[in-house]
Amino acid sequence: MTRPAALHDFSELLLRLYRLSHELPISAFQDAALDLIKPVLAFDSSMWGSATRTDKGIDIHTIHLHNQPAEMIAAYEEVKHLDTAAAEVGKRPKSTLVFNADAWFHRNDQGQLRQHGRRFGQANFFISSDANPLTHFVHWLTLFRSDPDAHGSEDERQLLAQLTPHLMQALALNRIVHLDRLEAGVQAPHGGSAIGDLRGMLYHADGRFETALKTEWPSWHGRTLPEPLLKHFLSGNKRYSGRAVVVTHHVEQRLLFLKSRRRCLADSLTAREHTIAELLSRGDTHKDIATILSRSPATVRNHIQSIYDKLQVSNVAGLIHELRLAG
């Protein structure tokens with residue numbers, strides 16, 4: 001049975017972890033969380049990310065390196081097919097391994113992997129993962145000790161197994177808090193939100209986001225972004241305007257922070273008409289707009305009439321309402 005003092009210390013660590021998840025920006029949270037656990041589970045460096053397990057090794061979606069150089073990932077790509085530890089943790093929904101690199105990667109054909117570990121100070125491993133056996137998608141955390149003699153213990157393995165679900169949940173909360181901050185004061189009525197990665201895997205999606213996308217793509221399964229939407233964003237477009245839905249995104253930390261809303265009348269405006277509508281909404285007259293845009297007053301009047309027709313309104317108050325629906 002856990003001693004009361006140890007239980008109190010563990011509870012205090014978790015409280016601090018979840019507090020950090022709400023207080024820190026996403027660029028700082030993972031390093032702060034890792035620094036928080038070092039006093040109770042010593043390590044020198046780590047990598048924390050998500051991936052899909054394949055026959056050729058893990059296919060990394062997102063990765064956060066802590067005290068490891070960026071070139072480590074490129075070097076790992078050359079030896080990942082030899083990584084039997086990655087294959088092992090992906091076999092079960094939840095698993096935690098602690099091992100010495102030379103002892104685990106002992107086969108003759110794994111010499112290149114052992115050399116990789118010595119190059120990057122990865123002598124002893126702690127790996128904990130949460131895998132989906134159906135999709136082979138995995139969230140994982142690896143901690144490294146550089147001292148070959150600093151072997152991990154069974155107590156440390158159990159501690160990491162207890163900590164990992166909280167670290168993963170705190171990371172998810174940190175990202176959702178960031179999404180909420182991005183949306184503060186700007187979310188359109190009936191809007192939804194989601195977080196995904198640049199491979200299209202979804203980490204969070206609220207009910208309104210899911211409903212919006214199913215309206216546009218009725219057969220959408222919900223695990224990954226629809227392929228047309230992802231391809232549109234990866235082509236450099238910030239906004240997808242479909243038959244029934246409009247989706248916008250913001251990229252940070254190699255994640256897509258997404259907002260969705262139902263298509264509205266303002267989405268039918270051309271770029272020029274939208275500019276004129278915005279100028280009208282702030283109080284400019286058609287003559288003011290003609291001067292600003294270097295157009296004749298008659299041309300601007302024609303644009304304004306087209307705007308009113310498309311928005312199905314007859315005055316500026318109605319125009320402002322329709323623009324607000326578009327966020």
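Axes are lines fitted to C-alpha atoms, for helices over the stretch in contact, and angles run from 0 to 180 degrees between N-to-C directions. Helices (H or I, at least four residues) are DSSP runs, numbered from the N terminus. The model is predicted, so that local features need pLDDT of at least 70 and side-chain atom pairs count only at pLDDT 80 or more, while totals for chains, interfaces and linings use all residues. Residues are numbered from 1 along each chain as its sequence is written, and side-chain values use heavy atoms, with hydrogens and water left out.

**View 1. Helix 12 and helix 13 cross at roughly 60°.** The axes of helix 12 (residues 297-311) and helix 13 (residues 316-325) come within 10 Å, and the angle makes helix 12 oblique to helix 13 (angles under 35 degrees count as roughly parallel, over 145 as roughly antiparallel, 65 to 115 as roughly perpendicular and the rest as oblique). Ile307, Tyr308 and Leu311 of helix 12 make the contact with Val316, Leu319 and Glu322 of helix 13, where contact means heavy atoms within 4.5 Å. Five of these residues are nonpolar, none is polar and one is charged (Ala, Val, Leu, Ile, Met, Phe, Trp, Tyr, Cys and Pro count as nonpolar, Asp, Glu, Lys and Arg as charged, and the others, Gly among them, as polar).

**View 2. Helix 11 and helix 12 cross at roughly 110°.** The axes of helix 11 (residues 286-293) and helix 12 come within 9 Å, and the two helices are therefore roughly perpendicular to each other. From helix 11, His286, Ile289 and Ala290 meet Pro297, Val300, Arg301 and Ile304 in helix 12, a contact whose residues divide into five nonpolar, one polar and one charged.

**View 3. Helix 2 packs against helix 7 at an angle of about 160°.** With the axes of helix 2 (residues 26-37) and helix 7 (residues 154-183) lying 10 Å apart, the two helices are therefore roughly antiparallel to each other. In helix 2, Ile26, Phe29, Gln30, Ala33 and Ile37 meet residues of helix 7 that include Leu163, Leu167 and Ala170. The residues of this contact are eight nonpolar, three polar and one charged.

**View 4. Helix 7 has a kink of about 30° at Leu163.** This kink lies shortly before the proline Pro165, the bend at a residue being the angle between axes fitted to the seven residues ending there and the seven starting there. Leu163 is also among the residues of helix 7 that meet helix 2.
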